[in-house]
Amino acid sequence: SRDGRRTRLVILGATGSIGKSTLDIVRHHPDRFEVVALAAGRRAGELAALAREFNVRFAALAEAAAGEELDAALAGSGIANGAGPAALHDAALHPADIVVAGIVGAAGLAPTFAALQAGRTIALANKECLVCAGDLFMAEARRQGLSVLPMDSEHNAIFQVLESRNLAEVERVVLTASGGPFRQLSLDEMRHVSPAQALKHPNWDMGSRITIDSATLMNKGLEVIEASHLFPLAHDQLDVLVHPQSVIHGMVQYRDGSLLAQLGSPDMRTPIAHCLAWPHRLDLPVARLDLARLATLTFEAPDLTRFPALGLALDAMRAGGGAPAALNAADEEAVAAFLAGRIGFLDIAAVVADVLDALAASGDLAAPESVAAVLSLDSTARRAAQAAIIRRAR
Ligand code: NAD
Ligand code: MG
């Protein structure tokens, strides 16, 4: 703990997979951490239960219509609460040492950026902050001299093995990918997969959007863009390697040929705890790797033909400007449409490609110069995605 007192945490996205894993770490270390504010999307009952358990000072829901339900669920607790964008903003700005950015999607950008501007150290799970506004986000962090601590497991692995942070001595970094549930399917077989099949990730238990993105490999593409901001190397120094066991999470290849890797059970509590305690380590009851029992780790190159979403994301990274934000917005809409049964699995990447083509043609992919401009581009891309979804709907 800092100066003998507990580290104060704000958790944005408290009811989600990242939020729950973060709170589980706090349960194991109540003497080190104090949760001061929680925020979530719309689940009032769940948020209220967590707010009571951790006796927070403030709880916020993004969905204004759920405000009364939250207030009723917190009656008698003395916990201040609110709902709607202003309340979400207040939660993000509540005095704290670390803000855990665990909201899913571009919805996480405004509150996380506001916390950064207010001088908070950000523990970043919400990769969309960097995908959509990476230049703005990292420039603000540099201006303030603040660390952005990467919670995403691959980036956290690279952060752990980047000793002394000397990027000049790094030849390349490697992000591993499980390959998802359809790693061995042909394109034709993928055409007919259901949302339920796509939601069954082989190794990780995560929210629905990132789970579908792991099945298309869009997630790995978003993560390469995320890495390009966290670890500013040339684009061709950022590699993806399919590794179905998800035991090695990330690697750094140095100029002398050394390849350093971080290994661990696929449990997000390890990278989350690494950020919360950095530069120290916490005791954690996660499953230890039994390498003798595992016996074999395997690797393969990603197949951009069967997984076109990865190629689209890499193209968007190279194009820069507004392309990554448009890619993300289109993907969020396409994933929701797939989960709703409106389009097929292969249509997800097709919709994203349609949107990037349309916005390139209309001249809408210039680099956004503010977060407001990013959010406006995000809306434009979502409208284009809805049009593409209607065209491709079954
Ligand atoms: P999730 O769907 O499980 O949880 C999302 C959380 O965000 C919930 O608390 C939800 O209430 C909240 N939320 C949704 N919409 C919101 C809105 N408009 N405003 C405010 N809050 C809103 O998602 P997750 O799997 O926990 O992922 C969260 C983020 O972390 C994503 O950016 C994801 O890419 C990243 N991430 C997740 C994992 C993982 O293991 N789950 C791993 C690496 C990175
Ligand atoms: Mg990841």
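Two strands are said to pair if DSSP finds at least two bridges between them. Helices (H or I, at least four residues) and strands (E, at least two) are DSSP runs, numbered from the N terminus.

The model is predicted: local features need pLDDT of at least 70, side-chain atom pairs count only at pLDDT 80 or more, and totals for chains, interfaces and linings use all residues. Residues are numbered from 1 along each chain as its sequence is written, and chains are lettered from A and ligands numbered from 1 in the order in which they are written.

**View 1. The hairpin of β10 and β11.** Strand β10 (residues 248–254) pairs with strand β11 (residues 259–263) in the antiparallel sense, over five bridges. Ala261 in β11 is the bridge partner of Met251. Four residues lie between the two strands, and Gly257 in this turn has a positive phi of about 95 degrees.

**View 2. The shell around ligand 1.** There are 26 residues around ligand 1 (C-beta atom, placed from the backbone, within 6 Å). Those that come nearest are Gly16, Gly41, Ala62, Met206 and Gly207. Helix α1 (residues 17–28) gives the largest share of the shell, three residues. Because domain 1 (7–151) and domain 2 (156–265 + 287–304) both give residues to the shell, ligand 1 lies between them. Domain bounds come from an automatic or database domain assignment.

**View 3. Domain 2 and domain 3 in contact.** The centres of domain 2 and domain 3, taken over C-alpha atoms, are 24 Å apart. 14 residues of domain 2 are in contact (C-beta atoms, placed from the backbone, within 7 Å) with 13 residues of domain 3. On the side of domain 2 that touches domain 3, α10 gives the most, with five residues.

Methods
Nonpolar A, V, L, I, M, F, W, Y, C, P; charged D, E, K, R; others polar. Contact = placed C-beta atoms within 7 Å.
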